Amino acid sequence: MQTDLRLAVLGCGAIARYHLDAIKGHVPRVRVTACVDNDADRAGQFATETGGTAFASLDAALDADAFDAIAILLPHDLHEATTLQCLAAGKHVMLEKPMAPTLEGCDRILAAAKASGKVFMLAENAQYWPEVVAALDLVRQGAIGDLVTGRAAFVSEYNPYWFTGQKWRLSRSRTGGGITIDGGSHWVRPMRMWFGDVAKAVGVIGYPMEEMQGDSLMRSLLQFESGLYASYDGLMVATPLGPQESWRITGTDGEIVIGGFPAGGLTLYDRAHRSGRVIDGDWGYAMSFVGENRDFASAILDGTPLAAGPESAVQDLRVALAIYRSAATGNWETI
Ligand SMILES: NC(=O)c1ccc[n+]([C@@H]2O[C@H](COP(=O)([O-])OP(=O)(O)OC[C@H]3O[C@@H](n4cnc5c(N)ncnc54)[C@H](O)[C@@H]3O)[C@@H](O)[C@H]2O)c1
């Protein structure tokens, strides 16, 4: 039986740092054996750090048979072709979000994954975000009674790094849109974990950041299949911003508040704690990559089911696409 996993990291950029730190610190069964980036410095740095081999292209890493599983951490327009290539080569694949910018692209990837018999994971780290999971436990325990409504806010001061290292993120044709299809997915998945699937969305988008072709402002309402409503906002501006919570879940007996990105934190408000009870934990966005990489390794090495199958990520994408349609039509749009 295979006891450890030879992993390739394809794309040694910003999010690769989080994956690598999580693996190095917490997932010893994963050995990074291939570091692939067309930027030789980045591939070389990751190779030095991990003891893996640096490759300038996916083709070169495949030719060298240097890995059994791969984390694809590339710009969105490269997701489909690289995933199909890796699945066809018999590799297990973990792919960063969004699966693809279109539903047709997702369908092609899901069909190839099914036919391959390999593990295919869509890496939505919010599924493992410790505060999100703890909030789900509290909701299930009835800590805030019956759910009434929720509020999600993906708000971030613009990172100048996007002007230089990540120019692709400013291009609508490379990302498929703006913040709603990009980082927004991490705010939708938790809402779906707590409230269930989204049935309809209505929203508007705006472009306050001139450098970004896609949306940098989004205001929306989601209606869940249960009939409940939540508000969901996104904003990225080059403006100093005040403190902002990421989520608020309101029930008949209390409220759960998850602090702003990336520090997080969890506070429960109920009749016994009207000023709030701060709940301690190993919190924070960075920790979500630990659970994510553990889940991928276990699915391959132990045959355990993923916390959420890749189809769940298609639902996240459908929410983003419905908001874009609604922004164009002015109507509620079905997911
Ligand atoms: N889970 C999260 O919270 C989160 C956060 C940020 C980004 N992401 C996702 O991660 C993915 C990558 O984003 P990022 O922020 O790391 O981008 P990035 O630009 O920082 O990194 C991408 C890397 O890929 C390399 N690259 C580009 N084309 C290549 C090619 N053809 N062959 C080899 N290497 C190539 C680049 O040189 C770069 O090092 C995207 O899907 C993004 O949406 C997820």
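**Exercise 1.** Work out the strand order of the open sheet and which strands stand at its edges.

*Solution.* The open sheet has six strands in the order β3-β2-β1-β4-β5-β6, with parallel pairing, where strands are DSSP runs of E of at least two residues and helices are runs of H or I of at least four, numbered from the N terminus, and two strands pair if DSSP finds at least two bridges between them. β3 (53-55) and β6 (120-123) stand at the edges with a single partner strand each, so one side of each has no neighbour in the sheet. From one strand to the next, the twist averages 25 degrees.

This is a predicted model, in which local features need pLDDT of at least 70, side-chain atom pairs count only at pLDDT 80 or more, and totals for chains, interfaces and linings use all residues. Residues are numbered from 1 along each chain as its sequence is written, and side-chain values use heavy atoms, leaving out hydrogens and water.

**Exercise 2.** Describe how α6 and α9 pack, and classify the residues of their contact.

*Solution.* Helix α6 (residues 130-141) and helix α9 (residues 185-195) pack at about 15 degrees, with their axes 10 Å apart; axes are lines fitted to C-alpha atoms, for helices over the stretch in contact, and angles run from 0 to 180 degrees between N-to-C directions. That makes α6 roughly parallel to α9, a term for angles under 35 degrees. The contact (heavy atoms within 4.5 Å) is made by V132, A135 and L136 of α6 with P190, M193 and W194 of α9. These divide into six nonpolar, no polar and no charged residues, with Ala, Val, Leu, Ile, Met, Phe, Trp, Tyr, Cys and Pro counted as nonpolar, Asp, Glu, Lys and Arg as charged, and the others, Gly among them, as polar.

Note on methods: Parallel < 35°, antiparallel > 145°, perpendicular 65-115°, else oblique.
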